[in-house]
Amino acid sequence: MKKITYVVSNPRGIHARPCALLAQCCTNFKSSVTVSANEETASAQNILELLALHAAKGDILNIQIEGEDEEQAAEAIQRVLDKSFDERRTAEILKIAFFGTKDYDRIFFSELVKDKGEGTYNSEIKYFSSNLGPETAGLAAGYDAVCVFVNDNVSRPVIEQLHDYGVRLILLRCAGFNNVDLEAAKEYSITVLRVPAYSPYAVAEHAMAIVQEANRRLHKAYNKVKDNNFALSGLLGIDLHNKVAGIVGTGKIGVCMARICKGYGMTVLGWDAYPNQALEEEGLLTYVEKEELFQKADLISLHAPLFPTTYHIVNETSIAMMKNSVMLVNTARGGLIDNEALIAALKRGKFHAVALDVYEGEDNNVYTDRSDVAIADDITARLLMFPQVVLTSHQAFFTREAMQAIAVVTMENARNFNEGNDYGDAEVKA
């Protein structure tokens with residue numbers, strides 16, 4: 001066990017930004033980290049718990065670290081304490097128009113912007129429930145920045161309006177940026193910053209959860225039992241053990257999914273435009289050409305970014321290469337799959353299970369309650385008619401840890417812009 005004692009010296013006490021940086025630091029380690037002050041104890045991985053300590057100047061923080069990587073965790077925590085806990089720089093207040101707001105967005109963002117002045121994020125947020133688009137861009141008038149998500153429209157006409165209204169910064173609270181016209185942003189000198197990574201574990205774990213739901217027909221089983229129907233007809237699944245998993249895209253999320261599949265006892269094949277040979281060297285996976293992956297995999301999991309080279313990577317031709325009764329899961333981008341080819345193959349009984357957290361044509365449904373209306377979208381309605389298909393509403397990222405990371409990195413991006421700091425890999429360029 002490692003222990004660190006820290007005396008709070010900042011006149012503002014331990015406000016939102018140091019809490020955010022400490023929490024993000026601690027989530028990178030397996031060790032349990034707790035912080036005690038004023039006879040209260042908080043998990044160091046949770047911003048809200050840290051803020052609830054209300055540690056003021058002169059209070060003593062007792063930090064306790066226990067676990068297999070406690071040495072490394074203690075060193076990293078000490079660096080955060082030395083660098084960020086007494087920082088007192090300040091800049092002009094940055095005004096942010098926050099589009100597509102849901103209740104859960106406010107949980108962390110509102111806490112992070114409460115404080116103003118030295119060492120804080122020094123930002124003000126105005127929340128709008130509307131998504132950003134040509135009809136709503138006027139709401140950004142008078143703001144320095146807009147904060148948007150994957151289902152917002154940041155096309156050239158919108159960017160032209162934002163420029164006219166004085167917006168200088170687009171904050172993406174997500175990793176993807178295919179909804180942003182980067183050429184237009186560059187032309188109008190608007191900076192685009194994203195969240196390069198938040199929780200790859202959240203997305204990979206969701207991928208395995210929904211493909212297993214589709215495989216074992218858990219959605220059907222749940223509804224049958226609710227109706228007092230305990231028969232097993234229609235619920236036959238397939239063992240994953242000793243099967244072949246094909247991981248398309250071996251970045252951070254793809255690697256997490258590969259490790260999960262390995263834990264199931266699967267042989268893992270990988271394809272990536274830029275293979276990471278270290279993954280082969282450790283024995284996690286074997287890289288093959290994508291055609292071989294499609295031919296050999298029993299489970300295909302998509303984790304590639306959406307580029308012209310990966311658009312509709314699952315299409316009529318690649319589906320024809322796949323095994324009968326193959327399983328397919330997509331938690332990356334809808335455009336990786338040609339919907340018409342997928343539906344045609346489902347009609348032929350090609351797939352044992354299909355699990356989609358994203359799909360082309362989802363935009364009007366994402367994060368919207370349509371429970372009191374008929375499904376008018378043709379793609380959604382057709383996908384839902386197949387018993388082996390499971391759809392979820394673009395929620396793979398949606399864990400407490402991921403939401404916390406998104407809020408922290410987004411506000412760090414805002415602060416870096418406001419203070420003229422380096423953006424690192426958060427900047428998106430045309």
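I began with cysteine 256, which at 11% relative accessibility counts as buried (buried means under 20% relative accessible area, exposed over 50% and partly exposed in between, with a 1.4 Å probe and protein chains only). The model I am reading is predicted, so local features need pLDDT of at least 70 and side-chain atom pairs count only at pLDDT 80 or more, while totals for chains, interfaces and linings use all residues. Residues are numbered from 1 along each chain as its sequence is written, and side-chain values use heavy atoms, with hydrogens and water left out.

**Cysteines**

I then searched the whole structure for disulfides, a disulfide being a pair of cysteine sulfur atoms within 2.5 Å, and the search found zero. Cysteine 256 is in no disulfide, and the nearest cysteine sulfur, which belongs to cysteine 261, lies 11 Å away. I looked up cysteine 261 as well, and this residue is buried, with a relative accessible area of 0%.

**Strand 10**

Next I turned to strand 10, residues 244-248; helices (H or I, at least four residues) and strands (E, at least two) are DSSP runs, numbered from the N terminus. How many of the five residues of strand 10 are buried? I found that five of the five are, so strand 10 is largely enclosed by the rest of the structure. In a regular strand the side chains alternate between the two faces of the sheet. In strand 10, I noted that Val244, Gly246 and Val248 point one way, whereas Ala245 and Ile247 point the other way, and all are buried.

For its partners, I used the rule that two strands pair if DSSP finds at least two bridges between them. Strand 10 is joined by five bridges to strand 11 (residues 267-271), and the two run parallel; within this pairing, isoleucine 247 has glycine 270 as its bridge partner. Four bridges join strand 10 to strand 13 (residues 299-302), again in parallel, and there valine 248 stands opposite leucine 302.

I also recorded that strand 10, helix 9 (residues 252-263) and strand 11 make a right-handed β-α-β unit, where right-handed means that, with the strands pointing away from the viewer, the path from the first strand over the helix to the second runs clockwise.

**Valine 390**

Last, I looked up valine 390, which is found in strand 16 (residues 389-391) and counts as buried at 5% relative accessibility. Leaving aside neighbours within four places in sequence, I found valine 390 in contact (heavy atoms within 4.5 Å) with Ile210, Glu213, Ala214, His219, Val354, Ala355 and Leu356. Histidine 219 is 171 residues from valine 390 along the chain, yet their C-alpha atoms are separated by 7.9 Å.
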